[in-house]
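Here are my notes on this model. Keep the structure open while you read, and find each residue as it comes up.

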Amino acid sequence: MDLRVLTDEILLQLLKANDEQAFKEIYSRYWKLIFEAAYHRLSSRETAKELVQTIFLRIWEKRHSIHITHLQGYLQTAIKNSVINYVEATMVHKKYLQHVVHTSPTTCQGTESTLTCHELSQAIEKAIATLPEKTRQVFRLSRFDHLPIRDIATTLNLTEKSVEYHLTQSPKIMRLHLKDYLDIAL
């Protein structure tokens, strides 16, 4: 059967029935449209590709529970929200780095400052790597992707209470690994 002639509604029904070919048709039908929307707003091919892939990955993972009535509208809204979340996360990250650079007691002009920031960045990455896998996933989705607890729970197929537990555990573990670098609470 040629899936290219099917309506979006039929493709969505097939998708819910685990039809990979229907998913591939949805992907090939709409990936360029939402990629161009993301690229237009971000001017970064790699970031746009990553956001598009994430949207389609979530559709596949949630194919049994997702309720889409208008596929094109859903995808356009999803990419718009993904771009907004990405831009906000990037802005927060930049503000955080500026805060660290400007408030760090060891901050000075020149090479020493750069080395201190680099060491701190490496220490943070090492501390994150020591977190248990689920805790690390929850931490990254919360702190870097700025997802609310409900979205993290849905994404990782956890209860909201589990997400809250992981969010309370990650700072405790990270403080231990960053005690030599930071005198502030995470």
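1. Start with the aromatic cluster. Phe-23, Tyr-27, Phe-56 and Trp-60 are linked into a cluster by ring pairs. Keep in mind that this is a predicted model. The count of aromatic pairs comes to 6. One of them joins Phe-23 and Trp-60. Their ring centres are 5.2 Å apart, the planes make an angle of 55 degrees, and the pair is tilted. Phe-23 sits in helix 2 and Trp-60 in helix 3, so this pair ties together parts that are 37 residues apart in sequence.

2. Now take Tyr-27 and Phe-56. Is this pair edge-to-face, or is it stacked? The planes stand at 65 degrees, so the pair is edge-to-face. The ring centres are 4.8 Å apart. This pair also links distant parts of the chain: Tyr-27 belongs to helix 2, Phe-56 belongs to helix 3, and 29 residues separate them.

3. Phe-56 has a relative accessible area of 1%, so it is buried. Phe-23 has 18% and is buried as well, because the cut-off for buried is under 20%. Tyr-27 has 24%, so it counts as partly exposed.

4. Next, the nonpolar core. In soluble globular proteins, nonpolar side chains tend to be buried together. Here the largest nonpolar core has 26 residues. Ile-26, Phe-56, Ile-59, Leu-75 and Ile-79 have the most contacts inside this core. Which helices each supply at least two of its residues? They are helix 1 (8–16), helix 2 (20–42), helix 3 (45–61) and helix 4. Helix 2 gives the most, with 8 residues.

5. Look closely at Ile-59. Skip the residues up to four places away in sequence, and Ile-59 touches Leu-15, Phe-23, Ile-66, Tyr-74 and Leu-75. Phe-23 is also part of the aromatic cluster. There is a second, separate core of 9 residues. Among them are Leu-120, Ala-127, Leu-131 and Met-174.

6. Is Glu-25 buried or exposed? Its relative accessible area is 12%, so Glu-25 is buried. Leaving aside neighbours within four places in sequence, Glu-25 is in contact with Leu-3, Arg-4 and Leu-11.

7. With a relative accessible area of 14%, Ile-68 is buried. Not counting residues up to four places away in sequence, Ile-68 touches Leu-12 and Tyr-74. Tyr-74 is also touched by Ile-59. Compare Ile-68 with Asp-8: they are 60 residues apart along the chain, yet their C-alpha atoms are separated by 9.8 Å.

8. Two loop residues call for a check of the backbone. Most residues other than glycine have a negative phi. Asn-18 has a positive phi, near 70 degrees, and is not glycine. Asn-18 is in the loop between helix 1 and helix 2. Its relative accessibility is 39%, so Asn-18 counts as partly exposed. Ser-43 has a positive phi of about 60 degrees and is not a glycine either. Ser-43 lies in the loop between helix 2 and helix 3. At 60% relative accessibility, Ser-43 counts as exposed.

9. Which residues make a nonpolar patch of about 250 Å²? Tyr-86, Val-87 and Met-91 do. Tyr-86 is placed in helix 4 (residues 71–103). Tyr-86 counts as partly exposed because its relative accessibility is 35%.

10. Finally, step back to the whole chain. How many helices and strands are there? The protein chain has 8 helices and 0 strands. Of its 186 residues, 32% count as buried. The chain exposes about 12300 Å², and carbon and sulfur atoms supply 54% of that area. Take the contacts with a separation of 6 or more: residues 24 or more positions apart account for 52% of them.

Key: Residues numbered from 1 in each chain as written. Predicted model: local features only at pLDDT ≥ 70, side-chain atom pairs only at ≥ 80, totals over all residues. Heavy atoms only, no water. Patch = residues over 30% accessible without salt bridge, like charges linked within 9 Å, V, L, I, M, F, W, Y side chains within 5 Å. Areas by Shrake-Rupley, 256 points an atom, 1.4 Å probe, with all protein chains shown as cover. Salt bridge = Lys/Arg side-chain N within 4 Å of Asp/Glu carboxyl O. Helix = DSSP H or I, 4+ residues; strand = E, 2+ residues; numbered from the N terminus. Buried < 20%, exposed > 50% of the residue type's maximum accessible area, 1.4 Å probe, protein only. Core = buried A, V, L, I, M, F, W, Y, C linked by side-chain atoms within 4.5 Å. Contact = heavy atoms within 4.5 Å. Phe/Tyr/Trp six-rings, centres within 6.5 Å; stacked < 30°, edge-to-face > 60°.
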